[in-house]
Amino acid sequence: MEYTSLGRTGLSVSRLCLGTMNFGPLTHEADAHTIMDTALQEGINFFDTANVYGWGENKGRTEEIIGTWFAQGGTRRERTVLATKLNGAMPGYGGESWPNSGKLSALNIRRACDASLKRLQTDYIDVYQMHHVDRATPWDEIWQAMEVLVAQGKILYVGSSNFAGWHIAAAQAAAERRHFLGLVAEQSLYNLLARTVELEVLPSASHHGLGVIPWSPLQGGLLGGALRKAGEQGGRSAGRVKDLTAAQREQLQAYEDFCDKLGEEPGTVALAWLLHQPAVTAPIVGPRTSGQLDTALKALDVKLDTDALTRLDEIFPGHKTAPEDYAW
């Protein structure tokens with residue numbers, strides 16, 4: 001396993017981040033525990049979750065599964081860099097939705113953090129991430145609440161997710177006025193098929209010293225050999241590809257053919273490509289099974305040369321930094 005610093009911090013994290021969104025809805029607790037044990041054994045020390053994972057009436061269930069895993073001891077918590085998120089509305093009093101049960105008010109930041117700590121059975125969160133921007137809450141209120149949590153020892157670092165480039169800039173400017181570290185990482189949708197963040201998010205993150213943590217590195221499975229799987233077994237893969245345009249099918253076919261030429265699985269190549277991008281700290285892999293985790297780990301050993309990277313850019317054209325992408 002390779003490790004790198006999370007943004008401009010001294011925190012060392014693995015080049016793959018274990019996503020836990022499937023734990024609960026698709027992966028039973030015992031299997032989730034096995035996956036997390038395997039991840040640690042393979043050197044993955046960076047785990048990502050969110051308070052809303054579990055979804056619907058089961059929001060919070062994923063954090064609970066991680067909590068019961070931590071409770072087994074064996075230095076599981078000590079070896080894990082734990083990231084969780086807040087913003088989405090959680091069940092309020094009596095299980096009902098209620099004002100201030102979501103977003104980024106100082107009140108919800110305090111309550112959401114305490115609730116996550118209880119579910120996770122830990123006394124601190126390494127990276128506390130805002131799951132989405134809250135346009136209604138001023139940055140001074142957000143940072144004051146986060147400063148209190150840092151002072152209390154409940155969180156160590158703050159991150160963002162799904163922020164635009166200017167949101168990152170505004171957040172950092174407000175943090176600097178308060179002499180606060182501010183954001184250290186941004187989670188964004190980023191993969192070969194979804195490269196919009198190259199316009200402004202990646203440049204902003206790089207300028208401000210944020211690590212970039214891509215989510216959905218396989219674009220919901222489309223980059224995992226979806227065309228081939230749909231032809232072989234139908235089912236979920238067939239559902240993913242049925243609405244593709246002719247141009248998209250041609251693009252994915254060229255990609256899968258190129259992966260065959262490389263002698264690598266498409267999903268492995270997609271992860272390897274992200275690991276070759278300078279701004280990327282660690283893509284999030286969200287296995288439902290231990291076998292899927294094994295496949296993701298293989299990406300660490302795939303080295304893409306200049307010709308391979310050029311070919312992938314030809315198949316999936318990216319963006320220049322704005323404004324040069326669309327102006328002189």
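Me: What makes two strands a pair, and which residue of S7 does methionine 130 stand opposite?
Reply: Two strands pair if DSSP finds at least two bridges between them; strands (E, at least two residues) and helices (H or I, at least four) are DSSP runs, numbered from the N terminus. Methionine 130 stands opposite serine 160 in S7. This is a predicted model, in which local features need pLDDT of at least 70, side-chain atom pairs count only at pLDDT 80 or more, and totals for chains, interfaces and linings use all residues. Residues are numbered from 1 along each chain as its sequence is written, and side-chain values use heavy atoms, without hydrogens and water.

Me: How do you know that strand S6 (residues 125-130) and S7 pair?
Reply: Five bridges join S6 to S7, and the definition asks for at least two; therefore they pair, and they run parallel.

Me: What makes S3 and S10 a pair?
Reply: Strand S3 (residues 17-19) and S10 have two bridges, in the parallel sense. Leucine 18 has valine 285 in S10 as its bridge partner.

Me: Why is strand S7 (residues 155-161) called mostly covered?
Reply: Buried means under 20% relative accessible area, exposed over 50%, and partly exposed in between (1.4 Å probe, protein chains only). Six of the seven residues of S7 are buried, so the strand is mostly covered.

Me: Why is the crossover from S6 to S7 called right-handed?
Reply: The chain crosses from S6 through helix H4 (residues 139-152) to S7. With the strands pointing away from the viewer, a right-handed path from the first strand over the helix to the second runs clockwise; this β-α-β crossover is therefore right-handed.
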